[in-house]
Amino acid sequence: MSSTELPAVPPANVLPRVGPVGVEEGERLRSVQLRGITLTVRSRPPARENLPRALYVHGLGGSSQNWSALMALLDGDVDGEALDLPGFGDSPPPDDGNYSVTAHARAVIRYLDTTGRGPVHLLGNSLGGAVSTRVAALRPDLVRTLTLISPALPELRVQRTALPTGLLALPGVTALFTRLTREWTAEQRVRGVMALCYGDPERVTPEGFRNAVTEMERRLRLPYFWDAMTRSARGLVDAYTLGGQHGLWRQAERVLAPTLLVYGGRDQLVGYRMARRAARAFRGSRLVTLPDAGHVAMMEYPETVATAFRELLAEAEASGAQAAGAETSGAGADEGASDAELGG
């Protein structure tokens, strides 16, 4: 079954409500209806007016909540928003059931074009890093700077610990996994996810753990939870196989925006060894390596990531990169770009 087939879940307009999404103090949520998708957007009121705008894009199985700690630290630097990609967080599935990297990139582009918030400082983690890379390569007019935290870019030798996630893309594996883990509690699932994603799960506070369990319980009641996970994993694997101009590494080389790369030394999903390859691919990029961090450095070490981002921001402003981005060719392109233009 391809990632472009219609999902076996109810249409978004008849999906049940399963409980509220967690909102940190000072945050607000709103729903934005676009053509073919509805996105939930998390934001914080900026500390002052006329701050540059930022957009955060989460990874596979994550949500806009993954950015709450970093958003709070940066609300004096940027006017930030975090998206729930279609089928994740509080966003319903896309109407066409397409969870490919291309479709997620199209959702980001459509949001920025429709709301007129671009160009933005774009930040992506994991799957969101692959999505953000594609957006920056194809619509440079929408991206002032690019920050990638453990971006899910193709690896020839995938880490053994990352194989179970990739296996979700195979037909039948999700159904088997759900049967084998039917008796697992939400707490057991959260502990497993944290052991995989954090360099040191002990850094999670008791309150953070309780909130994660509550969110896991909510997600497990969503009728499309595993469908979104499976199809997005399949879409990521499909993106790894694309060659030519649509290949993610080729698109990384096309990115014009000043780029910050953050890699964790204990990342079990994205190989630490990929950091240097990424630094070569993204022209003029800044590389920050955190030996003790796992896959979600913005959650484990938000202060360090915030400092690195502020340095990127200051450098971009000093060099006039914002003005250059506004003049880059491609401005005003149709938000409904074809699959061929977006890479599949």
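# Reading a covered strand and its surroundings

Author: In strand S2, both faces are covered: Ile37, Leu39, Val41 and Ser43 on one side, and Thr38, Thr40 and Arg42 on the other, are all buried. Buried stands for under 20% relative accessible area, exposed for over 50%, and partly exposed for what lies in between (1.4 Å probe, protein chains only). This is a predicted model, in which local features need pLDDT of at least 70 and side-chain atom pairs count only at pLDDT 80 or more, while totals for chains, interfaces and linings use all residues. Residues are numbered from 1 along each chain as its sequence is written, and side-chain values use heavy atoms, with hydrogens and water left out.

Reader: Why are the residues of a strand listed by two sides?

Author: In a regular strand, side chains alternate between the two faces of the sheet. Helices (H or I, at least four residues) and strands (E, at least two) are DSSP runs, numbered from the N terminus.

Reader: Which strands pair with S2, and in what sense?

Author: Two strands pair if DSSP finds at least two bridges between them. Strand S1 (residues 28-34) is antiparallel to S2, over 7 bridges, and Leu34 stands opposite Ile37. The hairpin of S1 and S2 has 2 residues between the strands, and Gly36 takes a positive phi near 85°. Strand S4 (residues 79-84) also runs antiparallel to S2, joined by 4 bridges; here Thr40 stands opposite Asp84.

Reader: How many residues has the largest nonpolar core?

Author: A nonpolar core is a set of buried Ala, Val, Leu, Ile, Met, Phe, Trp, Tyr and Cys residues joined through side-chain atoms within 4.5 Å. The largest has 52 residues, and Val108, Tyr111 and Phe282 have the most contacts inside it. Helix H2 (residues 101-115) gives the most to this core, with 7 residues. Apart from this core lies another, of 34 residues, including Val296 and Leu312.

Reader: What share of the chain counts as buried?

Author: Of its 344 residues, 53% count as buried.
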